[in-house]
Amino acid sequence: MSLIGHVESVWRYPVKSMAGEELPEIYAGFGGVWGDRLFALKSSATPIGFPYLTGREAHELLLYRPHFRNPEKAAKPANMAEAEEISPLLNPVAADPDDFALDVETPSGEVLPVTDPALLQQLNGVIGNGHTLSLLRSERAMTDCRPISIFSLQTAQQLGEEVGFVLDKRRFRANVYLDLGTTQGFSENSLVGHKVRIGSKVLVAALERDPRCQMITLDPDTATPNPEVLRAVARGHEGTAGIYAAVLAEGIIRPGDKVEMLD
């Protein structure tokens with residue numbers, strides 16, 4: 001077992017490609033982070049194999065801010081403590097859909113339920129370009145590839161040095177941001193192929209490096225693109241930044257948790 005760093009912050013993204021939220025803790029389950037990417041916009045103009053409307057097609061999506069109506073209920077399984085008292089091996093029950101009632105704050109400050117047809121109508125008007133939108137709701141995270149994404153502060157710092165300006169870590173939309181101390185950027189790549197313990201209970205398998213797309217070019221506060229960010233990743237890092245992982249043992253992850261490589 002080797003201590004490699006600590007968790008700096010934890011995040012989830014209730015609606016795919018909309019703004020994320022930093023949390024005091026997240027529940028990492030087999031299907032992804034509890035409450036992460038449960039909603040997405042399906043577009044008639046995107047491929048059947050990947051039907052989602054994302055910030056790649058509509059930069060403005062990043063300026064919409066989702067908020068769960070009952071944040072405590074949306075934070076973790078309701079019977080988690082009771083299940084752990086019986087056995088640490090028990091899986092908690094799935095969430096009641098009402099626990100994930102969600103509102104979205106628009107760039108103008110208007111707050112609408114995610115299910116309100118007026119929200120889709122507004123997004124259709126903003127985006128245009130032949131997109132007809134509908135809302136998708138899932139029982140698990142609608143991530144692009146793997147359930148959990150991990151990214152280090154050191155990687156953000158190194159990429160900032162390469163492009164010549166400070167990069168906000170939020171560009172990379174990770175679930176778990178790591179502080180790896182004095183190591184160089186992209187050190188999380190060394191975790192791929194290994195099991196990693198985060199905190200006292202969560203165990204993940206680090207599966208692969210995260211191939212990046214246009215999303216990282218977008219400023220999280222203004223949605224303004226800067227293509228040089230993606231060029232730097234492609235030019236110096238084989239198009240990848242951060243890693244993907246699968247959850248082997250479920251549990252809570254908090255800022256400050258130790259991160260240890262087990263094998």
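The conversation below goes through the reasoning behind several labels given to this predicted model.

User: Let's start with Asp36. Why is Asp36 called buried?

Analyst: Happy to begin there. Buried means under 20% relative accessible area, and Asp36 has 0% relative accessibility, so Asp36 counts as buried. Asp36 lies in the loop between E4 and E5.

User: Which residues is Asp36 in contact with, leaving aside its neighbours within four places in sequence?

Analyst: Those are Arg12, Tyr13, Ala141, Met142, Thr143 and Asn175.

User: Thr143 is on that list. How do you know whether Thr143 is buried or exposed?

Analyst: Its relative accessible area is 17%. The cut-off for buried is under 20%, so Thr143 is buried. Thr143 sits in the loop between E10 and strand E11 (148–152). A polar atom of the Thr143 side chain lies 2.9 Å from the backbone oxygen of Arg146. Setting aside neighbours within four places in sequence, Thr143 is in contact with Lys16, Asp36 and Arg37.

User: On to the cysteines. How do you know how many disulfides there are?

Analyst: A search of the whole structure finds zero. Take Cys145: the closest cysteine sulfur, in Cys213, is 9.8 Å from the sulfur of Cys145. A disulfide needs the two sulfur atoms within 2.5 Å, so this pair is too far for a bond.

User: What makes Cys145 and Cys213 "partly exposed"?

Analyst: That label covers values between the buried cut-off of under 20% and the exposed cut-off of over 50%. Cys145 has a relative accessible area of 46%, and Cys213 has 22% relative accessibility, so each of these two residues counts as partly exposed.

User: Let's look at helix H2. Which residues of helix H2 are buried?

Analyst: In helix H2 (residues 117–127), the buried residues are Leu119, Leu120, Leu123 and Ile127.

User: Why can one say that the buried residues line one face of H2?

Analyst: Looking down the axis of H2, the buried residues fall within an arc of 95°, so they line one face of the helix. As background, an α-helix has 3.6 residues a turn, so residues three or four places apart point the same way. The face of H2 turned away from the buried side carries exposed Pro117, Gln121 and Gly125. The buried residues of H2 pack against several strands, including E5 (39–43), E8 (102–105) and E10 (133–137).

User: What is found at the start of H2, and what follows H2?

Analyst: At the start, a side-chain oxygen of Asp116 comes to within 2.8 Å of the backbone nitrogen of Ala118. After H2 comes Gly128, with a positive phi near 55°.

User: Now the sheets. What is the strand order in the open sheet that contains E3?

Analyst: The three strands are ordered E4-E3-E16, with antiparallel pairing. Strand E4 (32–33) and strand E16 (251–253) each have a single partner strand, so one side of each has no neighbour in the sheet and they stand at the edges.

User: How do you know that E3 and E16 are paired?

Analyst: Pairing takes at least two bridges between two strands. Strand E3 (residues 26–29) and E16 have three bridges, in the antiparallel sense, so they count as paired. Within E16, Ile253 is the bridge partner of Ile26.

User: Last one: why is Val196 called buried?

Analyst: Its relative accessible area is 2%, and the cut-off is under 20%, so Val196 is buried. Val196 belongs to strand E13 (residues 195–198). Not counting residues up to four places away in sequence, Val196 touches Leu191, Val202, Leu203, Val204, Val259 and Glu260.

Key: Residues are numbered from 1 along each chain as its sequence is written. This is a predicted model: local features need pLDDT of at least 70, side-chain atom pairs count only at pLDDT 80 or more; totals for chains, interfaces and linings use all residues. Side-chain values use heavy atoms; hydrogens and water are left out. Helices (H or I, at least four residues) and strands (E, at least two) are DSSP runs, numbered from the N terminus. Buried means under 20% relative accessible area, exposed over 50%, partly exposed in between (1.4 Å probe, protein chains only). The arc is that of the directions from the helix axis to the C-beta atoms. Contact means heavy atoms within 4.5 Å. A polar contact is a pair of N or O atoms within 3.5 Å; within protein, one must be able to donate a hydrogen and the other to accept it, and residues adjacent in sequence count only if both atoms are side-chain atoms.
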